[in-house]
Amino acid sequence: MGTIFWPKDPLDGNDMTLLTSILRRWCERYQIELTAEESSRKAKELVEWYEFGVKDPVELEELIDSKHWLVSTV
């Protein structure tokens with residue numbers, strides 16, 4: 001079995017705390033349960049932006065809250 005090279009740093013406790021707080025605020029804003037499918041999709045988007053290099057909490061919130069990324073609540 002070969003060695004797998006993963007170019008991304010692992011998320012640590014501080015990263016997870018930040019990302020979770022952003023996701024919780026998004027869920028509260030749109031009245032979506034944290035365990036809902038929509039929340040899971042937003043969490044994935046949030047982690048992708050973070051791993052892409054966006055580390056500013058305000059910018060992360062704006063990215064997942066923009067019209068291009070908004071999950072329909074209907």
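Predicted model: local features only at pLDDT ≥ 70, side-chain atom pairs only at ≥ 80, totals over all residues.

Biologist: What pLDDT does the protein chain average?

Modeller: pLDDT is the predictor's confidence in each residue, from 0 to 100; the protein chain averages 86, and 81% of the residues score at least 70.

Biologist: How many residues does helix α2 have, and what should they span?

Modeller: Helices are DSSP runs (H or I, at least four residues), numbered from the N terminus, and the expected span is 1.5 Å times one less than the number of residues. Helix α2 (residues 37-52) has 16 residues and should span 22 Å, which agrees with the 23 Å between its end C-alpha atoms.

Biologist: Which residues of α2 are buried?

Modeller: Buried means under 20% relative accessible area, and exposed over 50% (1.4 Å probe, protein chains only). The buried residues of α2 are S39, K42, E45, L46 and Y50. Seen down the axis, they fall within an arc of 135 degrees, so they line one face of α2; the arc is taken from the directions from the helix axis to the C-beta atoms. The face turned away from this buried side carries the exposed residues E37, K44 and F52.

Biologist: Where is Q31 found?

Modeller: Q31 is found in the loop between α1 and α2, and has a positive phi of about 50 degrees although it is not a glycine.

Methods:
Residues numbered from 1 in each chain as written. Heavy atoms only, no water. Helix = DSSP H or I, 4+ residues; strand = E, 2+ residues; numbered from the N terminus.
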